[in-house]
Amino acid sequence: MVRETTRKRNILDVVLSNDAFLVCDCNVGPPLGFSGNARKPSDHNTVFFHLQCDSCSAKKQDFAFVRDFKNADYVAFNNYLLSIDWNTELVNCYDVNTYWENFVNVINNGIELFVPMKRVNFNARVCKQYYPHYIRQMFRRRQAAWKLYRRFRAHNLYEKYINLDRKCKAEMQKFDADRELRLIDSNDLGKFYRYVNNKIVNKTGIGAIKSSTGNILHSDADKAECFNEFFFSVFTADNGILPPVSLKAPPDSLVDVSFTYVDVVRAVRHLKCKTSLGPDGLSSVFIKSLSDGIAFPLMLIFDQSMQSSTVPEIWKTAVVTPVHKKGLTSDVNNYRPISLTCICCKLMETIIKQKMLDYLLSSNLISKHQHGFLSKRSTCSQLLECVDDWTLALHNRYSVDVVYVDFSKVFDSVSHSKLLHKLESFGIGGKLLLWIRDYLNNRTQCVKVGNCFSNYASVGSGVPQGSVLAPCYSCCS
């Protein structure tokens, strides 16, 4: 399919196809990268082409109108929420689901009033404005020089392109180096990790995977169903036998959690600014922007949920994203399910988790050797402590034996009844234990791959990975 030379006067980089109509717009572009000598660009040109397959050629809508939450009038939205008499709005509510439905109705009315619509073009070319204007201008001059050389094939035009390419790369390297130095001087650890993760995290999505029958799946819908079947298969059925556990605290030492306006505001303002939507269609950025007006009704909902020991049904739904851990990317066993749950539910979990941890730490119910899932404790602090112990033992000529234990699928296979039994042995009871029971029971989840969702499946065991309370359960286990 390649009709132009790709290395000097030869065609060495080819595109082969058994169907002449499958490949279109096959063009040869400028070289990519360097070859051996860092001062000389590669002598192999790049080849660009499009595939005319069903998924590419299918007629799709070119645009859609969506809510522009970025340019919403949040000042007016907050004032609107503050003007609502929530005690009157929720006066006829008899269960937590009605509380939640009335709350969502008010939020949707505010969205209609204060969040404008915008047109999104699906086929528009997305260009991330990462480099400043003067470097992007150099990109354009370099591209123009390459097109001029491809037209006339003159040696001086090629040298001009090489010089522009060398200057462009030098400016890019200088800009990146200056940006990294400013990042180091800022002493902002969060910005540093975001920058590094952006460099090393693969954002190309999930490739082809192999089903249980050995078939190779390419479409996102088939992959979502395959992951859903696998994640459902790792759930364990409880045998109904509760293991004997020793009481670590008097029964019903922690039976209730109270929610104050200050607690809710603090939890909202500590949310990470993410635009991903939960099952209820609300993002953390949206809720954080309405922290003043949304805190009071959320406090009422949280209090009603705790007093009735029930959770709104939508809070029991999770959208699961498969995240690759290690090994072959085509094997579903090498993926971890991360659950995206409702942000408002996470806010309530955050307050409950903090009250539970305060109780467990003040009662010395968590070992001082516990490093995972605790504030200012991590795998790094655990390794430092272990290395110190091992070094001291070797210095005193003691033998050192190290045993590592890894529980497979522990977050997904833990029994709900056994977990509740273990929490009860820590003195957790009353309304709080009943709330946790309702939170874990009758959960459902679906898997999202790309823009496709699988069917919903019931969750028979485990705790949602990605929820706030899951690490707290692990501390007790």
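Predicted model: local features only at pLDDT ≥ 70, side-chain atom pairs only at ≥ 80, totals over all residues.
Modeller: Ground rules: local features need pLDDT of at least 70 and side-chain atom pairs 80 or more, while totals for chains, interfaces and linings use all residues. Residues are numbered from 1 along each chain as its sequence is written, and side-chain values use heavy atoms, leaving out hydrogens and water.

Biologist: How many aromatic pairs does the count come to?

Modeller: Rings of Phe, Tyr and Trp (its six-membered ring) pair if their centres lie within 6.5 Å; planes under 30 degrees apart are stacked, over 60 edge-to-face, and the rest tilted. By that rule, the count comes to 23.

Biologist: What is the angle between the planes of Trp146 and Tyr161?

Modeller: Trp146 is in helix H5 (residues 133–152) and Tyr161 in helix H6 (residues 155–185), 15 residues apart; helices are DSSP runs of H or I, at least four residues, numbered from the N terminus. The two rings make a tilted pair, 5.1 Å centre to centre, with a plane angle of 55°.

Biologist: Which ring does the charged end of Arg443 sit over?

Modeller: The test wants NZ of Lys or CZ of Arg within 6 Å of the ring centre and within 35 degrees of the ring normal. Arg443 has its charged end 4.7 Å from the centre of the ring of Tyr439.

How values were computed. Helix = DSSP H or I, 4+ residues; strand = E, 2+ residues; numbered from the N terminus.
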